[in-house]
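Okay, thanks for coming, everyone. I'll walk you through one protein today, going from the overall build down to a few backbone details. Here it is on the screen.

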Amino acid sequence: MSQVQRMSRLMAKTLRDDPADAETLSHKLLVRAGYVRRTSAGLWSWLPLGKKVLDNISRVVREEMDAIGAQEVLLPALLPKEPYEASGRWDEYGDLLFRLKDRKGGEYLLGPTHEEIFTLVVKDQCTSYKDLPVMLYQIQTKYRDEARPRSGVLRGREFQMKDSYSFDTTDEGLAESYALHRVAYQKIFARLGLDYRIVSAISGAMGGSASEEFLAPAAAGEDTFVDCPNGDYAANTEAVTFALTPVDGAAHGALEELDTPDTPTIETLAAFLGVPASATLKNLLVKVDGEITAVGVPGDREVDLGKLGEHLAPAVVELVTAEDFEGRPELVRGYVGPQGLKVRYIADPRVAPGTAWVTGANKADTHARNVVCGRDFEVDEYLDVVVVEEGDPCPVCGAGLKLGRAIEIGHIFQLGRKYADTFQLDVLGQQGKPVRVTMGSYGIGVSRAVAALAEQTADEQGLCWPREIAPADVHVVAAGKALQTELAVDVAEQLAAAGLRVLVDERAGVSPGVKFTDAELIGVPQILVAGRRSAEGVLELKDRRTGEREELTVAEAIERLTATVTA
Ligand code: ATP
Ligand code: MG
């Protein structure tokens with residue numbers, strides 16, 4: 001039998017006003033409803049209601065991880081420096097890493113993620129191909145010294161993550177472990193009642209190839225993504241690709257140079273010639289590992305230097321300075337064109353073979369028109385480097401993409417052999433020779449999911465949890481009179497006996513108005529009120545989400561509520 005939680009004893013002090021430092025809805029409501037309290041910047045204490053929600057999410061995650069055959073372990077959060085030094089991440093993580101020393105001067109870190117340590121555990125435990133594949137996970141506290149720990153538990157400096165790691169001997173095996181995780185994540189987020197999209201991502205500091213993010217659309221999100229209105233495609237804005245579609249360029253006239261005085265910018269050029277900016281070709285000069293490189297994009301688009309850097313990594317991309325033009329008379333600032341240019345030329349796929357452009361003529365105050373890609377200049381490399389805009393075509397169906405904000409709730413990576421190479425993780429293969437192991441790593445922000453769910457489900461009255469995640473199945477409210485309190489407590493006990501998780505508001509000296517407001521704020525999905533008709537044994541059941549109300553006898557209420565829970 002479940003216990004009845006009495007509101008008179010519950011440590012959850014609700015607040016009428018938003019905390020002064022709160023910017024996001026989930027931050028405000030989780031504090032106001034008494035779920036969490038701020039201990040310090042990015043450090044949160046979970047009070048009883050919050051801990052229940054956190055545990056409910058962990059339970060769903062655990063069940064689905066177990067269902068794909070992953071085994072739960074628990075590794076330390078306090079970790080020695082050496083493995084992270086070997087992988088290079090001791091330095092790569094920079095200021096994000098919490099570093100500390102023990103009494104003997106030994107250096108440690110608080111784990112931001114655990115690839116290194118899991119690799120070492122498997123190296124110790126698995127010696128033969130027969131020991132693999134293996135998938136391991138933990139639900140554990142992670143530490144990152146985030147630059148801007150705002151938004152409550154959405155971005156903590158200490159937070160709960162489910163991290164798992166797969167170990168396989170073949171690429172096919174890795175693809176399979178990855179696919180298993182992907183399906184488990186879909187089940188987890190569906191059970192949590194989260195609206196989410198799976199988007200392809202650029203894997204960044206983790207290294208490795210295939211990687212996808214699970215994004216929960218929400219105004220409070222720090223990620224921007226594009227979404228196809230037909231549901232064909234979603235992607236992180238950094239990962240959006242534009243199809244390269246060559247066109248027939250035979251009909252274009254010959255290249256023609258034009259006298260265009262004082263037109264060093266796209267705006268001045270477009271106005272002078274009376275053409276749209278999109279007909280011009282803008283050529284940005286950058287240095288890639290010190291070598292001057294031109295990047296061509298339509299004149300109405302911006303180059304996303306971050307994206308360019310991601311594509312060219314580990315090469316370093318820098319903007320050119322005046323000094324770079326010294327001794328290079330062929331590079332005419334403001335009048336650069338790809339035709340005859342003797343530097344590496346990278347272009348956006350919109351600059352497709354056969355397209356014609358107005359662009360610089362590599363002479364001061366001069367431009368050229370009918371400059372045709374593939375005829376007058378060649379592109380060395382196509383890369384998606386423009387800033388994505390609302391209305392850009394969906395690469396699948398062509399419909400105008402929508403730009404939105406989202407919270408990253410999960411991330412899955414096919415890491416490959418990066419960490420196995422670092423730690424020489426080999427197992428004895430079928431032929432008796434050592435085989436290098438290949439890895440995947442997979443994260444879910446468990447504490448972040450609490451806030452993401454709150455963001456997506458809350459309304460003006462407060463939190464509004466899906467049943468499986470809610471801190472209770474039903475919130476019984478006694479309007480105030482002795483008889484009403486007696487009935488409320490009695491029904492609460494019967495509901496608990498039937499296996500429901502019950503919160504009962506039997507507080508004396510608290511007005512019914514305050515109790516109703518608190519019930520709405522706390523967000524348990526069903527609210528059962530012992531009010532006006534208590535003497536007749538009639539209660540009112542209110543659905544927190546829809547606001548629908550219905551009068552029921554005690555027996556009916558118990559039957560109805562038990563059915564919703566066992567359904
Ligand atoms: P972000 O881009 O939001 O900083 P990340 O890409 O660095 O996140 P991962 O390394 O992929 O995060 O970590 C796995 C998951 O852990 C993320 O998908 C996210 O849900 C969660 N997470 C990461 N950082 C935090 C944080 N500071 N607070 C709460 N959850 C976090
Ligand atoms: Mg991530």
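So, to start with the inventory: we've got 13 helices and 30 strands in this protein. Keep in mind that this is a predicted model. If you box up the C-alpha atoms along the principal axes, you get roughly 95 × 65 × 45 Å. There are 567 residues, and 52% of them count as buried.

What about contacts? Taking those with a separation of 6 or more, 68% are between residues 24 or more positions apart.

Now, the domains. How is the protein divided? Domain 1 is 4-10 plus 463-566, domain 2 is 34-240 plus 403-455, and domain 3 is 256-382. Between the C-alpha centres of domain 1 and domain 3 you have 68 Å.

Next, the metal. Which residues coordinate the magnesium ion, ligand 2? That would be Glu408, through OE, and His411, through ND1, at 2.1 to 2.3 Å. Are those two buried or exposed? His411 has a relative accessible area of 13%, so with the cut-off at under 20% it counts as buried. Glu408 comes out at 22%, so it's partly exposed.

On to the backbone, for those of you who like checking torsions. There's a cis peptide bond between Leu132 and Pro133, with omega at about 0°. Pro133 is in the loop that runs between α5 (115-125) and β8 (134-143). Another cis peptide bond links Ala313 to Pro314, and there omega is about 5°. Pro314 is in a loop as well, between α8 (305-312) and β17 (317-319).

Asn362 has phi at about 60°, and it belongs to strand β19, residues 356-363. Then there's Asn370, with phi at about 55°, in strand β20, residues 366-372. How do they compare on burial? Asn362 is at 17% relative accessibility, which means it's buried, while Asn370 is at 23% and counts as partly exposed.

That's my tour. Happy to go back to any part of it.

Key: Residues numbered from 1 in each chain as written. Chains lettered and ligands numbered in written order. Predicted model: local features only at pLDDT ≥ 70, side-chain atom pairs only at ≥ 80, totals over all residues. Heavy atoms only, no water. Helix = DSSP H or I, 4+ residues; strand = E, 2+ residues; numbered from the N terminus. Buried < 20%, exposed > 50% of the residue type's maximum accessible area, 1.4 Å probe, protein only. Contact = heavy atoms within 4.5 Å. Donors = N, O, S within 2.8 Å, 3.2 Å for Na, K, Ca; no water. Domains from an automatic or database assignment.
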